[in-house]
Amino acid sequence: MSDTIAAVATGSQVCAIGIVRLSGERAIELADALFRPLSGRPMAEAASRSLVYGQLRDRAGALLDLCLCTVSRAPNSYTGEDTAEFQCHGSPVVLRTLLDELFALGARQALPGEFTRRAFLNGRLGLSSAEAVADLIDAETAESAKNAAGQLAGALRERTEGIYSLLSDISAHYHAVLDYPDEDIEPFRLESYRADLGQAKTELEALLSTYERGKLMTGGIPAAIIGRPNAGKSSLLNALLGYERAIVTRVPGTTRDTIEEKLRLGNVCLRLIDTAGLRQTDDEVERLGVERSRRAMESASLLLVVIDGSEAITDEDRALLETAKHAAHAVVVLSKKDLRESAHVQTSLPVVSVSSVTGEGIDTLERTIQTIFPLPEVPAGNILTNARHAEAIRRAIEHLSAALAAMEAGVTPDIVLTESEGAMAAIGELDGRTVREDVTARIFSRFCVGK
């Protein structure tokens, strides 16, 4: 990592402020080559993390911008290396020209996630904290952002550090007695650790139980809008989104395919899926759409069952209501509230009447959905959202279960120790203490350039 990297950290679009970052041995030297502080003092003499105003010039001395520059010195920087950052006016042309000048002076283009990867490799961030950077950038709700910020601050490591330390102590005690039998070391009694191992397993199981909520928090709750043709499904999608996303006509079967859009309702992010009307049809294209609709229903965490409230309920509606009873969550939506209300629904599911034309009832539907998916009562950062983390915790639980089972069977201590050390290795993967290089590379490949 001796080379100096540079990248635009604010994307390629026109914006008010554009930021170019540098990290590496020559970061401050290259900043001084192009930046002229109005104070006359070079950035090499500037205090770390202080903003300096001055002129940005190319190698020939031509003025590029009036901007701010800041430097941070190793090891007390984000990456653990010398860093510099230019805060320019957000012209893509200016930012691109600045990058070209830096490349000409010997810097190279940073790879996706390379700044954060250097922070991890230099011990400034644990791996779970580094991954939280990308999660924070991608967060679509306040809940997701708070959880990612908590993980960035090290919440997952704090949650598992006591367990990792316990397993380390057990292993160290066992090997000390084994390797130094003549030393005055307290005898190793495996039974004395039974309660601790059981408590560790319980704590990890509680952490793993948050993963289902975490998946919905980051990926969005798949919510299928289902109903017979012309029940008002596409109109409901448009009303929830606030714009005309789906074509709406009086002709049954207008929607031939599933349409998916994301929608934020407070701290709930929905992946709304408008489906083709469910009915028997000889039209090949519509039939394929109906098949996709049924697959969407099967994978959805929430069903919005739309029934035309202006007509008497039909056998098709009753069949859908029966199907919805077996779904994870479902809400019955009586549509066309602005017309005559004729449908009488008997169901234990929540029922909300709405008008997609006037908007009446839409706020009630939104509140009902939020009630179904309440915020979990756990501190920020303690919800598992990452499949890699969940898999590591799951393997740690399996090893602890095997260790406890071995103790019950009365096997020799080395068998139990093998399982507890397996649990310790799995927990260590959360922060990269035992993670493979190829896994690390895959993690940082999802980052954007400049982060």
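Visitor: Does arginine 59 count as buried, partly exposed or exposed, and which class is it?
Guide: This is a predicted model, in which local features need pLDDT of at least 70, side-chain atom pairs count only at pLDDT 80 or more, and totals for chains, interfaces and linings use all residues. Residues are numbered from 1 along each chain as its sequence is written, and side-chain values use heavy atoms, with hydrogens and water left out. Buried means under 20% relative accessible area, exposed over 50%, and partly exposed in between (1.4 Å probe, protein chains only). Because its relative accessibility is 53%, arginine 59 counts as exposed.

Visitor: Which residue forms a salt bridge with arginine 59?
Guide: A salt bridge is a side-chain nitrogen of Lys or Arg within 4 Å of a carboxyl oxygen of Asp or Glu. Here the closest N and O atoms are 2.8 Å apart, and the partner of arginine 59 is glutamate 101.

Visitor: How many residues apart in sequence are the parts that this pair ties together?
Guide: Helices (H or I, at least four residues) and strands (E, at least two) are DSSP runs, numbered from the N terminus. Glutamate 101 lies in helix H2 (residues 92-104), while arginine 59 lies in the loop between strand S4 (52-57) and strand S5 (63-72), so the separation in sequence is 42 residues.

Visitor: Is glutamate 101 buried or exposed?
Guide: The relative accessibility of glutamate 101 is 10%. Glutamate 101 therefore counts as buried.

Visitor: What separates lysine 215 and glutamate 212 in helix H8?
Guide: These two side chains form a salt bridge, with the closest N and O atoms 3.3 Å apart. Lysine 215 and glutamate 212 are 3 residues apart in helix H8 (residues 211-219), so their separation is about one helical turn.
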